[in-house]
Amino acid sequence: MIPVVNPDLCIGCGNCEEICPSVFQLIDEKSVVVDPGACDFSECCEAAAENCPAEAITLEEDA
Ligand code: SF4
């Protein structure tokens with residue numbers, strides 16, 4: 001699974017970066033998926049998605 005952030009929904013709270021800093025980084029107050037393959041544990045990205053107050057993170061099938 002690949003995490004995807006919708007920048008139109010992201011409010012820049014930083015939760016996802018705190019949970020999984022190797023995958024998510026705040027850039028200009030928006031979360032950016034800097035390395036979707038950095039997280040081997042899908043639970044980590046699931047936790048980030050579940051803890052996103054804006055529901056801006058979705059997990060998509062990787063190609
Ligand atoms: S948890 Fe959601 S709203 Fe907060 S920075 Fe990450 S993507 Fe944006």
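Mentor: Let us begin with Asp-28, bearing in mind that this is a predicted model: Asp-28 counts as exposed because it has 7 C-beta neighbours inside 10 Å, and the cut-off for exposed is 12 or fewer.

Trainee: Where does Asp-28 sit?

Mentor: Asp-28 lies in the loop between β2 (24-27) and β3 (30-33), and its phi is near 50°, a positive value in a residue other than glycine.

Trainee: And Glu-29, is that one buried or exposed?

Mentor: Glu-29 is exposed, with 10 other C-beta atoms within 10 Å; Glu-29 is also placed in the loop between β2 and β3, and its phi, near 65°, is again a positive value in a residue other than glycine.

Trainee: Stepping back, in what order do the elements run?

Mentor: Starting at the N terminus, the order is β-α-β-β-α-β, which gives the protein two helices and four strands.

Trainee: What about the overall dimensions along the principal axes?

Mentor: The C-alpha trace spans about 25 × 20 × 15 Å along those axes, and the radius of gyration is 10 Å, which agrees with the value near 11 Å that a compact globule of 63 residues would have. Of the 63 residues, 22% count as buried.

Trainee: Changing topic, which residues are closest to the ligand?

Mentor: The closest are Cys-10, Cys-13, Asn-15, Cys-16 and Cys-52, out of 15 residues that surround the ligand.

Trainee: How does that shell divide by class?

Mentor: The shell around the ligand has 11 nonpolar and four polar residues, with no charged ones.

Methods:
Residues numbered from 1 in each chain as written. Predicted model: local features only at pLDDT ≥ 70, side-chain atom pairs only at ≥ 80, totals over all residues. Near = placed C-beta within 6 Å. Nonpolar A, V, L, I, M, F, W, Y, C, P; charged D, E, K, R; others polar. Rg over C-alpha atoms; globule rule 2.2 N^0.38 Å. Buried ≥ 20, exposed ≤ 12 C-beta atoms within 10 Å, placed from the backbone.
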